[in-house]
Amino acid sequence: IKNGLLNLHELFSKAPTLGSLIDPNQLPADLIAADYETLQPYLAAALSAEHADDEAHERAVAAAGMVKAAELLAGEYSLVITNVPYLGRGKQHDVLKQHLEKNYKHGKADLATAFVLRCLEFCAADGSTALVTPQNWLFLTTYKKLRTALLKQRTWKMVARLGPKGFQT
């Protein structure tokens, strides 16, 4: 159990930079020694211990948060709706650049396009996304491989262009 919690801590140590790009499903099966259901009773007991010191209680709170985050990030969803974050490659932190290069190669030029791919990973087999993204990935040559992969592997039901001042009314 202790190793499972330590592995979760290591996994989420980059969370301030990677956020929901962290995908527990992409990690080796042995990264988390115990599954979430096994860990949760121990976390609950640690949180509710009456005689725990403040530091132990804070560690238990952090561990419980990491377990819940891992559970949500490993989940599959019927519908994923979001306005993706925008951040061009030139402004990305090195940790983020490396993660996108490794996991979202076709979308690495902008965090927004990497999130298109990540949101699709969140989807169950018949799941759908509704995303607000920049439109540049629909026509720039930088994103040709991304478009090709999405057209071959996914079903597109609609793409709508908001146009100038689309968010002002």
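I call a residue buried under 20% relative accessible area, exposed over 50%, and partly exposed in between (1.4 Å probe, protein chains only).

**Model.** I am working on a predicted model, where local features need pLDDT of at least 70 and side-chain atom pairs count only at pLDDT 80 or more, while totals for chains, interfaces and linings use all residues. Residues are numbered from 1 along each chain as its sequence is written, and side-chain values use heavy atoms, with hydrogens and water left out.

**Whole chain.** I took helices (H or I, at least four residues) and strands (E, at least two) as DSSP runs, numbered from the N terminus. The protein chain has seven helices and two strands, in the order α-α-α-α-β-α-α-β-α from the N terminus. I find 30% of its 169 residues buried. With contact meaning heavy atoms within 4.5 Å, I note that residues 24 or more positions apart make up 65% of the contacts with a separation of 6 or more.

**Helix H4.** I looked up its span: 20 residues reach 28 Å from first C-alpha to last, close to the 28 Å expected at 1.5 Å a residue. The expected span is 1.5 Å times one less than the number of residues. Its buried residues are Ala60, Ala63, Met66, Val67, Ala70 and Leu73. They cover an arc of only 160° around the axis, so they lie on the same side of H4; the arc is taken from the directions from the helix axis to the C-beta atoms. On the face turned away from that buried side I find the exposed residues Asp54 and Glu58.

**Helix H6.** Residues 111-122 form this helix, which reaches 16 Å over 12 residues, close to the expected 16 Å. I find 11 of the 12 buried, so H6 is largely enclosed by the rest of the structure. The cover over its buried residues includes helices H4 (54-73), H5 (94-103) and H7 (144-153), and strands E1 (77-83) and E2 (123-132). At the start of H6, I find a side-chain oxygen of Asp110 within 2.7 Å of the backbone nitrogen of Ala112.

**Cysteines.** I searched the whole structure for disulfides and found zero; the criterion is a pair of cysteine sulfur atoms within 2.5 Å. Cys119 is buried, with a relative accessible area of 3%. Cys123 is buried as well, at 10%.

Notes. Polar contact = N/O pair within 3.5 Å; in protein donor to acceptor, adjacent residues only side chain to side chain.
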